[in-house]
Amino acid sequence: MKTLLANVVVIGAQWGDEGKGKITDLLSGSADVVVRYQGGVNAGHTVVVDNQTFKLHLIPSGILYPDTECIIGSGTVIDPKILIEELDQLESLEISTQNLMISQTAHVTMPYHRLLDQASEKQRGSQKIGTTGRGIGPTYADKSERTGIRIIDLMETESLPDQLRWTINNKNVILEKLYNHPPLDPEAVIAEYLQYAERLRPHVVDASLKIDAAVQARRNILFEGAQGTLLDLDHGTYPYVTSSNPVAGGACVGAGVGPTMIDRVIGVAKAYTTRVGEGPFPTEMVDGIGQVLCDRGAEFGTTTGRQRRCGWFDAVIGRYAVRINGLDCLAITKLDVLDGLEEIKVCVAYDIDGERCEHFPSSARTFARCEPIYETVPGWKESTADCRKLEDLPQAALSYLKFLAELMKVPIAIVSLGASRDQTIIVEDPIHGPKRALLDADGQPITVGG
């Protein structure tokens with residue numbers, strides 16, 4: 001067992017793609033168990049270790065630590081084909097997957113989910129959501145409709161064929177009549193998924209029971225979310241959201257633990273803002289600087305390869321993420337992408353029809369009318385890529401970090417300056433450091449209000 005003791009949730013504080021994979025990988029070194037609690041293959045975590053890049057969609061980043069147990073919780077939706085491909089990839093690189101466990105109550109993404117997702121999005125036309133087309137929404141819809149296939153159903157191979165025949169025949173009616181799509185062959189799907197069942201069977205467990213055993217043994221647990229706060233089904237920029245709850249509260253439901261088991265919540269945010277897909281984005285830059293950030297930050301989706309929309313840091317959604325998740329501290333990523341800029345803008349409030357608003361609006365139509373109110377701070381000319389301590393950073397970079405912390409009223413515990421593990425500054429112990437502290441002008445922690 002590791003020496004630290006805490007159960008920690010790591011969430012995205014923007015629209016996803018904040019660099020949670022690296023931060024989760026970094027914190028996994030102090031974890032005994034890493035739990036992925038929601039989302040599906042629409043998520044993508046990129047981790048770079050010893051110049052080797054790993055792109056994971058379902059398997060928790062902790063798999064790269066041989067002694068760390070990894071659990072895919074019941075709140076996730078699992079595409080067995082993609083999961084097996086990830087297992088094969090890791091094993092081909094001599095990364096052990098024997099510590100991977102899959103919740104028996106997680107729902108399964110089926111071929112008809114992908115077809116329905118893609119057909120529905122195409123039919124929306126100009127009203128499209130911007131989904132990945134991976135079948136996530138339809139899988140969660142079946143879960144809510146109580147017609148879904150769970151991992152435990154996949155394991156019960158004697159009853160699975162009849163269950164799938166009934167479901168596929170019903171889905172074929174929708175595919176043919178509504179979308180003019182050729183029907184699926186039930187027997188082919190059954191044969192394919194029976195094979196998946198046998199491959200995954202050794203990994204299937206009662207995840208909630210396993211997590212509770214880890215809690216009782218006082219082991220360190222890291223709960224890993226996918227996507228980001230502004231993509232949350234209940235609290236995001238609806239309808240341009242995902243189909244699950246990436247916020248910290250989703251960890252309890254998706255993993256099967258009570259809220260009293262969570263000790264700390266860490267938010268991950270880029271030093272600027274990005275968004276993939278459709279929907280309003282107040283600080284989006286359609287000029288040259290936006291493209292500069294995209295190129296420098298390699299802003300292309302891990303899952304789809306789509307180019308991310310880039311904008312200045314938005315402290316309004318930052319404060320919202322602090323409130324919705326109860327954040328204890330922040331990890332700021334990709335600070336190095338801002339190197340060399342003459343000046344940097346930060347959105348501190350919105351102008352809505354001539355009135356100043358400092359809070360995130362719930363209405364999508366209102367959000368679309370938000371004009372950013374910026375404060376401008378000096379940039380820095382030096383490269384930060386090789387900085388490993390706060391004192392190595394240019395003074396303007398330290399001032400920028402302090403400004404962000406003051407706006408959001410949480411400490412910055414980690415600063416990331418590149419994709420590799422070593423390109424990181426640990427400001428405070430993110431698990432046991434002091435809560436609700438800021439950075440002063442020299443980058444040292446100070447107490448809020450002090």
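Predicted model: local features only at pLDDT ≥ 70, side-chain atom pairs only at ≥ 80, totals over all residues.

Is tyrosine 400 buried or exposed? Its relative accessibility is 1%, so tyrosine 400 counts as buried. What about its partner? Tyrosine 400 forms an aromatic pair with tryptophan 380, and the pair is tilted, with 6.0 Å centre to centre and 50° between the planes. This pair links distant parts of the chain: tryptophan 380 sits in the loop between strand E18 (371-378) and helix H13 (395-408), tyrosine 400 is in helix H13, and they are 20 residues apart. Tryptophan 380 is at 2% relative accessibility, so that one counts as buried too.

How many aromatic pairs does the structure hold? It holds seven. Another of them is made by tyrosine 193 and tyrosine 196, and this one is edge-to-face, at 4.9 Å centre to centre with 75° between the planes. Why are these two separated by about one helical turn? Because they are three residues apart in helix H7, which covers residues 186-200. Tyrosine 193 has a relative accessible area of 1%, so we call it buried. Tyrosine 196 has 12%, and that makes it buried as well. And there's a group to pick out on the screen: Trp15, Phe281, Tyr320, Tyr350, Phe360 and Phe367 form one aromatic cluster.

Now, from rings to gaps. Rolling a probe the size of a water molecule over the atoms shows where empty space is left. Let's begin with the pockets.

The largest pocket has a volume of about 1000 Å³. It is lined by 46 residues, and those nearest its centre are Ile129, Thr131, Val241, Thr242 and Ser243. Which helices supply at least two residues each to that lining? They are helix H3 (111-124), helix H4 (136-145) and helix H6 (160-177). H4 gives the largest share, with six residues. By class, the lining splits into 18 nonpolar, 17 polar and eleven charged residues. And here's a bit I like: domain 1 (7-93 + 206-426) and domain 2 (107-203) each give at least three residues to the lining of this pocket.

Hold on to Thr242, one of the residues nearest the centre of that pocket, as we can follow it to a neighbour. The side chain of threonine 242 makes a polar contact of 3.3 Å with the side chain of asparagine 42. Asparagine 42 has another polar contact, side chain to side chain, with glutamine 227 at 3.2 Å. Where is asparagine 42? It lies in the loop between strand E2 (33-36) and strand E3 (45-49). Its relative accessibility is 14%, so asparagine 42 counts as buried.

On to the second largest pocket, which has a volume of about 550 Å³. Its lining has 26 residues, with Gly19, Thr46, Gly297, Lys334 and Ala419 nearest the centre. Helix H1 (20-28), E3 and strand E4 (52-56) are the elements that give two or more residues to this lining. Here the classes come out as five nonpolar, eleven polar and ten charged.

While we have H1 on the screen, look at the loop between strand E1 (7-12) and H1, where you'll find glutamate 18. Glutamate 18 has a relative accessible area of 1%, so it is buried. A polar atom of its side chain lies 2.9 Å from the backbone nitrogen of glycine 16.

Last stop: cavities. The structure holds three of 30 Å³ or more. The largest cavity has a volume of about 60 Å³. Ten residues line it, and the closest to its centre are Ala6, Ser30, Ala31, Asn220 and Ile431. What classes make up that lining? Eight of the residues are nonpolar, two are polar and none are charged.

The second largest cavity has about 40 Å³ of space. Its lining is made up of Gly62, Ile63, Tyr65, Pro66, Thr68, Ser96, Gln98 and Asn99. Three of those count as nonpolar and five as polar, with no charged residue in the set.

That's my tour, so over to you for questions.

Definitions and conventions. Residues numbered from 1 in each chain as written. Heavy atoms only, no water. Helix = DSSP H or I, 4+ residues; strand = E, 2+ residues; numbered from the N terminus. Buried < 20%, exposed > 50% of the residue type's maximum accessible area, 1.4 Å probe, protein only. Polar contact = N/O pair within 3.5 Å; in protein donor to acceptor, adjacent residues only side chain to side chain. 1 Å grid on protein atoms, 1.4 Å probe; cavity = no way out; pocket = protein on both sides within 12 Å on 5 of 7 lines; lining within 4 Å. Points joined across faces, edges and corners; volume = space filled by probe spheres on them. Nonpolar A, V, L, I, M, F, W, Y, C, P; charged D, E, K, R; others polar. Domains from an automatic or database assignment. Phe/Tyr/Trp six-rings, centres within 6.5 Å; stacked < 30°, edge-to-face > 60°.
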